[in-house]
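Have the viewer open while you read.

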Amino acid sequence: MIHFDNVTKVYANQNRPALDHVSVDVDKGEFVFLVGPSGSGKSTFLRLVLKEERPNSGAIHVAGKDLARLSNFKIPHLRRRIGCVFQDFRLLPNKNVYENVAFALEVIGKPRRFIRKVVPEVVELVGLEGKAHRMPDELSGGEQQRVAMARAFVNRPMILLADEPTGNIDPATSIGIMKVLDRINRTGTTVVMATHDAAIVDSMRKRVVELEDGKIVRDQSRGVYGQAY
Amino acid sequence: MRANFIFSEVWIGLRRNLTMTIAVIVTVAIGMALLGVGLMINSQISGMKDFWSDKVEVSVYLCKKNDPFPQCKGSGGVNAQEQAALRTQIESLPQVERVEFEDAAKAYANFRAQNAGNTVMLSAIQVGDMPESFRIKLKDPETYGAVIDGLKGAAGVSNVVNQKTILEKFFGLLESLRWAALVVAIILVFAAALLIGNTVRLSAYNRRRETGIMRLVGASNLYIQLPFVMEGVIAGLLGGVVAALLLIISKVFLFDKVQEYLANTPLTWETVATVITLTMIIGVVICVLASFVTLRRYLRV
């Protein structure tokens, strides 16, 4: 589903590569933790999958598409197959839960009838039934992240990228977030989650890819966060 | 593509930047109105040139008794022999299409007709005061120079007047007006483009959250950019409508009034409509271009 072949990314005005000859394969339906200290290249990895950045060398395939040969015109279609969740939720403050989730479908031109049917289902899937008409500032951090996950998943993407989704959330609430991610993963969606949260990685027992200074130093199925941190 | 989504976004954007939107509308309106006035003067000039080129004549005035012109001093006015010689000379010139003799009686009749309301003038001037003249119609009005030079010193000629040189002063004034209007229009169009760029940049900044999410969930570039471009288009169209009103007003109160004095070639509504259409199109195209150029810089896709 995601295939990196010897990928190197150097940002302009920086000597050290953000990713240094990285090769990794993520299969369909997998759940992968991307761990490593800040600046190790986790976010760069996610940005490359979305083609927000281009690699300096190496090949990237996402959902069967060679990103180097994907024209700018087709990038939006790639992104429709990838959902994204961030540490800072990125909700629209002037729209309620339902509207925030529906926005993702409206802007890709889905018919209103479809939106009315699908959005409540997804709001329920992330555990926010009965709160569809709350505004983001009336929700807790954990609930806001659930809205963001609903928005990321509402178009049934093949891949869900999560960049430290529990970074702003207390450990008890994080467990709920991870349950939702696990539920999404069980529908067949590939999940890649960048995180610093050792407890979560250890409890989930999923594949762990560890980056350090842009290099993969560990790739372990059913791994733990590691002792070094 | 959902039209009501786009339009609600456009409306929000225009309302948030109300002052900028007004500035854009005013600049576009004045710029386009001046451009339109320039184009209207242009069509006016060519219409008037056509009208006058049929009518302009070179007048060769003949000496009369006690004529104050230095060439005529001492002579008791033109005699029949000189007059016949002049006619032969004029008719032999290759540039001349036809020549007519205007005697004092005819000149006096013309003079009376032109000054019908002016009783003082009419009572003061007698038939004998009117100069006789040859009225020359040229094949090509531009070739008057040689004709005038050839006739100016001839015996019995008091003065040679080319009506075209009088008209040309007037046309020169119109032409500089046209250029002034066009230059100011170009400067304003440039200012309008910059203003639109700024407006779009402001609304791109105001809506960076929305566009960020749209990008993330895979909205197409067109869908993301269209509300911004539409903002520019609507501001440009409103400016164009104001410009159209200004042009119609200037036709009724300026061009038509001037026409009453100058020539029987009034500006047609058809011309005004063409000019309005043209300025509208130019205004909107400039707005669209300015929006797109700005979006490419401030709305990375």
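Let's begin in chain B, where helix 7 (residues 163-206) packs against helix 10 (residues 269-298) at an angle of about 45°, the two axes being 8 Å apart. That angle makes helix 7 of chain B oblique to helix 10 of chain B, and their crossing is right-handed. This is a predicted model, in which local features need pLDDT of at least 70, side-chain atom pairs count only at pLDDT 80 or more, and totals for chains, interfaces and linings use all residues. Residues are numbered from 1 along each chain as its sequence is written, while chains are lettered from A and ligands numbered from 1 in the order in which they are written.

A few terms before going on. Helices (H or I, at least four residues) and strands (E, at least two) are DSSP runs numbered from the N terminus. Axes are lines fitted to C-alpha atoms, for helices over the stretch in contact, and angles run from 0 to 180 degrees between N-to-C directions. Angles under 35 degrees count as roughly parallel, over 145 as roughly antiparallel, 65 to 115 as roughly perpendicular and the rest as oblique. A crossing is right-handed if the near helix is turned clockwise from the far one by less than a right angle, and left-handed if anticlockwise.

Which residues of helix 7 meet helix 10 in chain B? On the helix 7 side they are B:V189, B:A192, B:A193, B:I196, B:G197, B:V200, B:R201 and B:A204, and facing them in helix 10 are B:I286, B:C287, B:A290, B:S291, B:V293, B:T294, B:L295 and B:Y298. Contact here means C-beta atoms, placed from the backbone, within 7 Å. By class this contact has twelve nonpolar, three polar and one charged residues (Ala, Val, Leu, Ile, Met, Phe, Trp, Tyr, Cys and Pro count as nonpolar, Asp, Glu, Lys and Arg as charged, and the others, Gly among them, as polar).

The unreviewed UniProt entry annotates "transmembrane region" over residues 21-41, 179-201, 222-249 and 269-295 of chain B; positions are in the numbering used here, feature names are shortened, and annotations may be inferred rather than shown by experiment. Residues 179-201 of chain B are 100% helix and 0% strand, with end C-alpha atoms 33 Å apart. Residues 222-249 of chain B are likewise 100% helix and 0% strand, and there the end C-alpha atoms lie 39 Å apart.

Over in chain A, helix 5 (residues 141-153) and helix 6 (residues 171-186) have axes that come within 9 Å and cross at roughly 15°. That makes helix 5 of chain A roughly parallel to helix 6 of chain A, with a right-handed crossing. Among the residues in this contact are A:Q145, A:R146 and A:M149 from helix 5 and A:I177, A:V180 and A:I184 from helix 6 of chain A. The contact divides into five nonpolar, five polar and one charged.

Next, the sheets of chain A. Six strands form an open sheet in the order 6-7-8-3-9-10, with mixed pairing. Its edge strands are strand 6 (82-86) and strand 10 of chain A, each pairing on one side only, and the twist averages 15° from one strand to the next. Helix 6 of chain A packs on this sheet, touching strand 3, strand 7 and strand 8, and its direction makes about 150° with that of strand 8 of chain A.

| Strand pair (chain A) | Sense | Bridges |
|---|---|---|
| strand 3 (residues 31-35) and strand 9 (residues 207-212) | parallel | four bridges |
| strand 9 and strand 10 (residues 215-220) | antiparallel | five bridges |
| strand 7 (residues 159-163) and strand 8 (residues 190-195) | parallel | five bridges |
| strand 1 (residues 2-9) and strand 2 | antiparallel | five bridges |

A:V208 in strand 9 of chain A is the bridge partner of A:F33, and A:V208 also stands opposite A:Q220 in strand 10 of chain A. Strands 9 and 10 of chain A form a hairpin with two residues between them, and A:D213 in the turn has a positive phi of about 50°.

Another open sheet in chain A has four strands in the order 2-1-4-5, with antiparallel pairing. Strand 2 (19-26) and strand 5 (65-66) of chain A have a single partner strand each, so one side of each is left without a neighbour in the sheet. Helix 1 (residues 42-49) of chain A lies across strand 1, strand 2 and strand 4 (57-62), running at about 120° to strand 1 of chain A.

Finally, where do the chains meet? 15 residues of chain B are in contact with 14 residues of chain A. Helix 8 (208-216) and helix 9 (221-262) of chain B are the elements giving two or more residues to the chain B side, and helix 8 of chain B gives the largest share, six residues. That side of chain B divides into eight nonpolar, four polar and three charged residues.

Methods
Two residues are in contact if their C-beta atoms, placed from the backbone, lie within 7 Å. Two strands pair if DSSP finds at least two bridges between them.
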